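Hi,

Here is the structure I promised to pass on. Have a look at it first, and then read my notes below.

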Amino acid sequence: MTSDLTSGTANTAGAKAHARAQHGRTTDFMRHVPASAGPTAPDGVSADRLVWSETVAAGGYTTAVLARGTRIRLTDLDGDACAHLLLHRADGPHERLNVADTVKVPWQAYLGTGHPLLSGFGRVLATIVADTSTVHDALTGTTTRSGNEAKYGAAGPQSASPAGRDLLLLGALKHGLGPRDLPPSPSLFKGVRVASDGTLTWIGSAGPGAMVDLLLHLDVIVLLANTAHPLDPRPDFTCSPLRVHAWAAADELDALVAGDLVGPLGPEHRQAIANTDADLAARGVL
């Protein structure tokens, strides 16, 4: 009887042995630490350059603090991922992604390559530097508990149909943030278009394998929830895995400004970058 207990998890010795036996095991949905240990890497990027490697399950969330000059690649593996994204400045989380300014300042409601993701301080948190999807949504926001309960019958983070706002809140809490720190979020890989009468028309995804790359202009807290889009017309909760890679690419910031990365930037984008760099210079960072 004693042998059975110690080889199982009914006491401390057995639990310790069981826990240590899990070391080095992997699952389909996990963060790989170090990132170089992950089973995948983007084409042209060596594994030892990675600072983040993770596959987020459908209905899951993740978060990380990443440095200025980091390039993040999000991949919709099977065509039904929906990445609800928030960015907060790491050294001052009161400065965060402002979707109203993100669509208003560059005169473009539809996100795509070359689009700046702006804070409410006139600074750029990140720029979309590659996009093979082109179907995104900066207008609707993420799903809510009441909406998912009405549509699917459940909305909790551990349910079969978790609400995006609840998942983003779980990520925010890990950084000392709370509900007041969750503004409206854009959704990547699931798109809408505005009809002539002002209604929002669902256009779905671009299909499996679509990718979006973000280049960070500041140290940021990244919050991601991978869950269904609020306008998805399908009656059943539908979502698929999201892959995340990130690596250092600080040299690309200069290439972006020079017009060598995504082509010439608009004047509003250039001014937002100038605002960002001036703030960093005043803080002694640049």
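Keep in mind that this is a predicted model. Searching the whole structure turns up 19 salt bridges. If the term is new to you: side chains of opposite charge can pair when their charged atoms come close. I picked out a few of them for you.

Start with Arg-31 and Glu-54, whose side chains form a salt bridge at 2.9 Å, N to O. The two sit 23 residues apart and link distant parts of the chain: Arg-31 is in the loop between α2 (12–21) and β1, while Glu-54 is in strand β1. Are they buried or exposed? Arg-31 is partly exposed, at 33% relative accessibility, and Glu-54 is buried, at 9% relative accessible area.

Next comes Asp-277 with Arg-68, another salt bridge, where the closest N and O atoms are 3.5 Å apart. Asp-277 belongs to helix α7 and Arg-68 to the loop between β2 (60–66) and β3, so this pair ties together parts that are 209 residues apart in sequence. Asp-277 is partly exposed, with a relative accessible area of 24%, and Arg-68 is partly exposed with a value of 24% too.

Then there is Arg-89, which meets Asp-279 in a salt bridge of 2.6 Å, N to O. Here the link is between strand β4 (residues 83–89), which holds Arg-89, and helix α7, which holds Asp-279; they are 190 residues apart. Buried means under 20% relative accessible area, so Arg-89 counts as buried at 2% and Asp-279 counts as buried at 14%. Which residues are linked with them in a network of salt bridges? Asp-91, Glu-95, Arg-123 and Arg-283 join Arg-89 and Asp-279 there.

Now for the sheet. Strands of a sheet pair through backbone hydrogen bonds, either parallel or antiparallel.

Strand β3 (residues 70–76) and strand β11 (residues 210–216) run antiparallel and are joined by six bridges. In that pairing, look for Arg-71, which stands opposite Leu-215 in β11.

Strand β6 deserves a look of its own. On one side, β6 pairs with β11 in the antiparallel sense over five bridges, and Ile-128 has Leu-214 as its bridge partner in β11. β6 is also joined to β5 by three bridges, again antiparallel, with Leu-117 opposite Ala-126 in β6. β5 and β6 form a hairpin with five residues between them, and Gly-122 in the turn has a positive phi of about 75 degrees. How many of the eight residues of β6 are buried? Seven are, so β6 is largely enclosed by the rest of the structure.

Most residues other than glycine have a negative phi, and most peptide bonds are trans. Val-33 and Pro-34, though, are joined by a cis peptide bond, with omega about -5 degrees. Pro-34 is in the loop between α2 and β1.

Trp-107 is not a glycine, yet its phi is positive, near 60 degrees. You will find Trp-107 in the loop between α3 (99–104) and β5, and it counts as exposed at 71% relative accessibility. Phe-189 also has a positive phi, about 85 degrees, without being a glycine. Phe-189 lies in the loop between β8 (187–188) and β9 (191–194), but this residue is buried, with a relative accessible area of 0%.

Finally, check the surface. Leu-139, Val-194, Leu-200 and Leu-231 form a nonpolar patch there, with about 280 Å² of accessible area together. Leu-139 is in the loop between β7 (136–137) and α4 (145–152), and is partly exposed at 37% relative accessible area.

Cheers

Note on methods
Residues are numbered from 1 along each chain as its sequence is written. This is a predicted model: local features need pLDDT of at least 70, side-chain atom pairs count only at pLDDT 80 or more; totals for chains, interfaces and linings use all residues. Side-chain values use heavy atoms; hydrogens and water are left out. Patches are made of residues with over 30% relative accessible area and no salt bridge: like charges are joined within 9 Å, nonpolar side chains (Val, Leu, Ile, Met, Phe, Trp, Tyr) within 5 Å. Accessible areas come from the Shrake-Rupley method with a 1.4 Å probe; for residues, only the protein chains shown count as cover. A salt bridge is a side-chain nitrogen of Lys or Arg within 4 Å of a carboxyl oxygen of Asp or Glu. Helices (H or I, at least four residues) and strands (E, at least two) are DSSP runs, numbered from the N terminus. Buried means under 20% relative accessible area, exposed over 50%, partly exposed in between (1.4 Å probe, protein chains only). Two strands pair if DSSP finds at least two bridges between them.
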